[in-house]
Structures are given as C-alpha cells and as structure tokens.
Amino acid sequence: MKTKLGTLVVVSVFITTGLLMIAVRTETELRFITVFSMIATLLITQFVAHSITAPLDEMSTVARGISHGDYTRRVRGADRRDELGDLAQTINRMADDLEAQERQRKELVANVSHELRTPIAGLRAVLENVVDGVSAADPETMRTALKQTERLGRLVETLLDLSRLDNGVVPLRKRRFEVWPYLSGVLKEANMVASARAGIASGSGSHTRTDVHLHLDVSPPELTAHVDPERIHQVVANLIDNAVKHSPPHGRVTVRARRGDGPESLNLEVLDEGPGIPRSEWHRVFERFNRGGVVAPHGPGSDGGTGLGLAIARWAVDLHGGRIGVAESERGCRIQVTLPGVPSPDRLT
C-alpha cells in the first residue's frame, strides 16, 4: 500500500509537470492545463483507491458474516503480496479455525448426547420396572442400575478432565521417580480394576476383560524419569485400556519403557496383538469420540468405549511438551510416547 501511494504521488507530479511543459511550448492557457491535470490526477487516484478499498469492503462483509455465525465465506486475494494479502490470509485462517471449532462443538454435543442417552435410558427402564412391580429390587436388578450409574459417572468425570485440560487449569507436578515400580503399579491396578468390574458389564469405556495378559518391559531396570506421575498414569492407563479392548482372546499387551534422548526423558510404547489401525486412520486416532474403524469388540468384556481415552492421553502428553502417535508394527497396534524430561540448561536461556 505504501508503494501504491508513493507511485500515485510520483505519477501525479509527473503528469502535472508534463502538462506544464506542454503548456509552455504550445502557449496553452494555464487554466486548461490545470483542469486537465486535476482530471488526470483524480482518475488515477480513483483507480488506486478502488484497488485498495475494494478488498477492504470484501473483508468487512466477510467479517460481518463471521460475527453472525457464517464461517463458510472467504476473502479473495489472499495470494496478494502486500498488506491486504496478509490481512486476507489472517481473516481466512480465522474463519477456518472458527469453522473447525463450530464443527467440533456440534460433534461434541451430538456425541455427548448419544453417550448419555444410552445409560440414562437403561437406568430409567430398570427403575420403571422396579416402581411398576415388573421386577423386584433384588441385588441383580440393583447391579444393573449400578452399572448404568457408574457409566454416567465415568463419562462425566472424563468430560471434566477434558474441560480442565482445555482450560489449562491442570498443573504439572513433575518429579523424579523410578519407572519400573511405578509402571508395575499401574499394570497391577489395571488388572485389579478389570477383575473388580468383571461381574458388572462395562459400557463405560473401561474394560472388564481378564483374559488379556499385561507384560512390562523396562530397560535398564533402574530407569528413572522426570514427569508428572499423575498425568502419565492417565496416559498409560488409557493406552492399556484401549489396547486390551482391541486384543484377541487371551492376547498380550506389552508396556515398554526406554531411556529417551535427554536427561530424565522417557520413551514409552504400548503394543497389542489386535487388528491394528489402518494408516489412513493414524491422524484421527487421538480425536475425541473417535472409535476407529473396528466394528466389534474382540473379546468378552470389551466394548466400543467413549472414544475419549486417547484424547486425554494426547492432552496429557502435550502438557509435558512430548509427542504421541501410532508407529509401524508387524502385528497389532503400537503407540509411541516421547516425554522430554528435564530441559537442558541451554534451552532455558
């Protein structure tokens, strides 16, 4: 824009000077030269002003539409190499982000409504049967009601965890600890929870399978890490839960831990023997409410889950500044987690 305005001034001066020289040589009256100079300058100014204001008018229209909830319109001319082109790109990126957020909001409402509807309907049916005298309030009936209530509670707790992570109110409390005893405790807890829930159907996103063997592989045995144990517990527990659900009957899930590149850093892997994840789905694995392409569970006590566990695992890893993703595997699925540990002094300065 500065170049255009500068060019406008130079051209106007050049035209005025040229007309004055013509007037001197042809002895034309000065008033005619002045009129011609003003007309030429106004025409050029109008042309330059239109090239500047037209994109601004379009941007104003698009911005007004965005303020009213229309995120589909985009500003043309984002490929211009000037200030207006940069502004157009910024507005288009903002519209893209807002459109994506609106789509995620609608999907969140739809998915949460779907997840809540099933346990609420089941709980209502059980209670109506008890009230109407169709079934007695015996322990079996109460266990069915308890199953639906637990599903509601765990879903709400998971959504609260996601809300805290989104709002950045989950602090990191990093400390140094030994990896082997810590992960061993996580695996024992997963087995205990599955055994405790084996008598009650799941339907909550937490598996009840006891036929899958959990194996821990830590090398070296004295390996230590500097992370937030509570947050990493969420990561490992959710990855184990997901791996167990998709394991074949009497399958094996391996949790592998190795030293990372930096001091007190940690590389984790969770491997299963299930059908694996198609490469085309790798980028969607950690999206909320994504259950992948597996149509049916692979063993007794497994279910589709809520599709929130891996999303929570990703957020917990992101809080540490680490990376999580699907890796190549000859069999089943392999999820890799990289945690940075203690930042080096040169990265702090």
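User: What does the pLDDT of the protein average, and what share of the residues score at least 70?

Analyst: This is a predicted model. pLDDT is the predictor's confidence in each residue, from 0 to 100. Here the protein averages 77, and 77% of the residues score at least 70.

User: Where is confidence lowest, and where is it highest?

Analyst: Helix H8 (residues 345–348) is lowest, at a mean of 46. Strand E5 (residues 266–271) is highest, at 94. Residues 199–205 have a pLDDT below 50, yet this stretch has 21 contacts in the model beyond near neighbours in sequence. Residues 294–304 also stay under 50. For them the model has 27 contacts beyond four places in sequence.

User: Is E5 largely enclosed or open, and why?

Analyst: Buried means under 20% relative accessible area. In E5, 5 of the 6 residues are buried, so the strand is largely enclosed by the rest of the structure.

User: Which strands pair with E5?

Analyst: Strand E4 (residues 252–259) pairs with E5 in the antiparallel sense, over 6 bridges. Arg256 has Glu269 in E5 as its bridge partner. The hairpin of E4 and E5 has 6 residues between the strands, and Glu264 there takes a positive phi near 60 degrees. Strand E7 (residues 334–339) also runs antiparallel to E5, joined by 6 bridges. Asn267 stands opposite Thr338 in E7.

User: How many cavities of 30 Å³ or more does a search find?

Analyst: A search of the whole structure finds 2. The largest cavity holds about 40 Å³ of space. Its lining includes Leu239, Val270 and Asp272. Helix H6 (residues 229–245) gives the most to that lining, with 3 residues. By class, the lining has 6 nonpolar, 1 polar and 1 charged residues.

Technical notes: Residues numbered from 1 in each chain as written. Predicted model: local features only at pLDDT ≥ 70, side-chain atom pairs only at ≥ 80, totals over all residues. Heavy atoms only, no water. 1 Å grid on protein atoms, 1.4 Å probe; cavity = no way out; pocket = protein on both sides within 12 Å on 5 of 7 lines; lining within 4 Å. Points joined across faces, edges and corners; volume = space filled by probe spheres on them. Helix = DSSP H or I, 4+ residues; strand = E, 2+ residues; numbered from the N terminus. Nonpolar A, V, L, I, M, F, W, Y, C, P; charged D, E, K, R; others polar. Contact = heavy atoms within 4.5 Å. Buried < 20%, exposed > 50% of the residue type's maximum accessible area, 1.4 Å probe, protein only. Pairing = 2+ DSSP bridges.
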